[in-house]
Amino acid sequence: MVTQAGYDLAAEQAVIGAALLAPNLMTDLAVTLAPGDFGRPAHGLLWEAMCGMHAAGTPTDTLTVAAHLAETGNIGKVGGVPYLHTLIAEVPTVANAGHYAGIVADLAKRRKVADLGAQLAQLAASGADAADMVAAGRAMLDDVDVPGGWSPLIPLGKGRHLPSFPAELLPGWVAEQAFAVAEFTQTPIDAAATIALACLSTAAGGRAEVEVRGSWREPTNLFTVVVLPPGSRKSAVFAAMVGPILMAEKALVERTAPAIIEAGLMAKVAGKASEKAALAAANADAAGRDTLIAEATAAAMNAEAITIPVEPQLVADDVTSETAQKILAEQGGRIAVLSPEGGIFATMAGRYSGTPNLEVFLKGHAGDMMRVDRLSRDGGHVDKPALTMGLAVQPEILRDIAGMPGFRGLGLLARILFAVPENTVGRRKVGADPIPTAVAAKYHANLHALVLTLAEWTDPAVLVLTPEANEAVLDIERQVEPRLAPGGAWSHIVDWGSKYTGAVVRIAGLIHLAEHLHDGWGKRIEADTIERAARIGEYYAAHALGAFDDMGSDVATRNARTVLAWIERTNTRAFTKREVFRALKSSQLPTAGDFDGPLSVLEAHGYLRQLDPPAPKRAGGRPPSPSFVVNPEVHQPVATVHPIAARQAA
């Protein structure tokens, strides 16, 4: 049966199922069918994996394919292991695999022909010359006649098609606020959800830690960074998500004010008494001097023993390393740097001092003992510092920090959970629904309660795991370890990947506390909480790959991604160089010549094909612009599975 999308579901299932049952068929089938010939995106993704395995000499039986898809993180995208068994069950007989492959290939050609008219119409609307139109039609007809006319796409790193933040896995009151803020501000859900985690970290950091097993304990503070371009309403998102933290800080100040005043008066009185006793001892005769000196000493020690509480502070902005160290010492070892800008990175790199100083941030994330130098007293230390970071930065800053001294080598970047969402500017809905009052009030009350409940803890509350939760953590460790090996999926970000399990445990601790606001320290963390945190961890792993790839890529590749995003967003099938220049001219791409590099990169990666060189310039007219056609595979929808559905399928 041919679907409305122009493909035969049963034929596609029969071909793949036959190759799973009889891997020896792949030699002939891989020549006949390319991944782009499959109409169902999940089938194209699965076939691409099987062709790659076959080329590498790896069998394509069901178990081996399932293991490969699980390792690459694609098992959920193809429907999970149960769907592989469905494919096998749909095979009438493996002997007819070639017949069904012919059906799939024929329908792929028909879809290409159907696309031809739309592509030529779009090329005509772009202002291309008539000669270019004829060349385009011939080139595209040639591609239809030649099986696999387009080479397989070579991805531009890991930056494309990054998943959206699975906010439904957060505690209900947090998720509701995040979704409402994202809707009202018309920003990606990634921004509000990631900042929400930073807010939970601000509330719980330094006041709770998760005991995994033995001496392994993870504090509950996070470093999070959202990457969004200018004009993305970052400040509006921050205001909505961070506002309750600032109100809780104000409440703590008001609650502490009487104790500060009382201690200040006691210190003043004791100081006067100490001065009076010292004066009396100084003026006494030799007979009574020893007694008065002892009394003066006791008075001085009494005055010294009085400690005036410091005004509570939960949030700082663009602080220097020295200031952050001072605040951590004063605030019982915790502080959060929350800002819709990324200026803190330049400060850490030595903007004011000229020398990078990352120690306080590295130790503040890990909870390692920190020596504090004081001017008025002997040096002291902070046993378990807990520094939270929640920032929103522009893409240019993300690229800059990769080159800042020590940021990668000393491990700062390895501690950051990156979110690199798709830019929504230009596609935002006007007049979006405001945040419901009840949702905002509940978020405010619960976050306020979490801050105040944990504020009095001096020694961190220890959260323990159930045996099932511990087993879930072990499963994560087993999955991560092969990815860190040379040649593994995370081998180029092994520094970040080595801290992945710990980050998942921290997220689980925050989810647990947010769901048990008043007694979370008395309950064990369940396996379901670990699994939800792991799903969120998978999101951050995908975005870390994209972020590190972007930090390490060259300018032409980064600009190629910009052009590719325009092609995908506008569903462009064919265009001229003049058209893309008009659409994307910016300070990053100021001249038409600046597009030569990105277009060459896209052509080399199989995304584009330049048509025959344009005809010579006509007398009195402007020179014709080079024309390009887009690989139809670019516009194939990406197979996605809802996080909960994927979890059930697995």
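**Stop one: two helices crossing**

Helix α8 passes α16 in a left-handed crossing (the near helix is turned anticlockwise from the far one by less than a right angle). The model is predicted: local features need pLDDT of at least 70, side-chain atom pairs count only at pLDDT 80 or more, and totals for chains, interfaces and linings use all residues. Residues are numbered from 1 along each chain as its sequence is written, and side-chain values use heavy atoms, without hydrogens and water.

Select 172-185 for α8 and 437-455 for α16: they pack at about 130 degrees with axes 9 Å apart.

Next, show side chains at the contact (heavy atoms within 4.5 Å). From α8 come Trp173, Val174, Glu176, Gln177 and Ala180, and from α16 come Val439, Ala440, Lys442, Tyr443, Asn446 and Leu447. By class, this contact has seven nonpolar, two polar and two charged residues.

The structure holds three cavities of 30 Å³ or more (a cavity is a set of points on a 1 Å grid where a 1.4 Å probe fits but cannot get out, and lining residues have an atom within 4 Å of a point). Select Ser201, Thr202, Gly205, Gln313, Leu314, Arg334, Ile335, Ala336, Ala386 and Thr388 to see its lining.

Which element gives the largest share of that lining? Colour β5: three residues come from this strand. The lining divides into four nonpolar, five polar and one charged.

Technical notes
Axes fitted to C-alpha atoms, helices over the stretch in contact; angles between N-to-C directions. Helix = DSSP H or I, 4+ residues; strand = E, 2+ residues; numbered from the N terminus. Nonpolar A, V, L, I, M, F, W, Y, C, P; charged D, E, K, R; others polar. 1 Å grid on protein atoms, 1.4 Å probe; cavity = no way out; pocket = protein on both sides within 12 Å on 5 of 7 lines; lining within 4 Å. Points joined across faces, edges and corners; volume = space filled by probe spheres on them.
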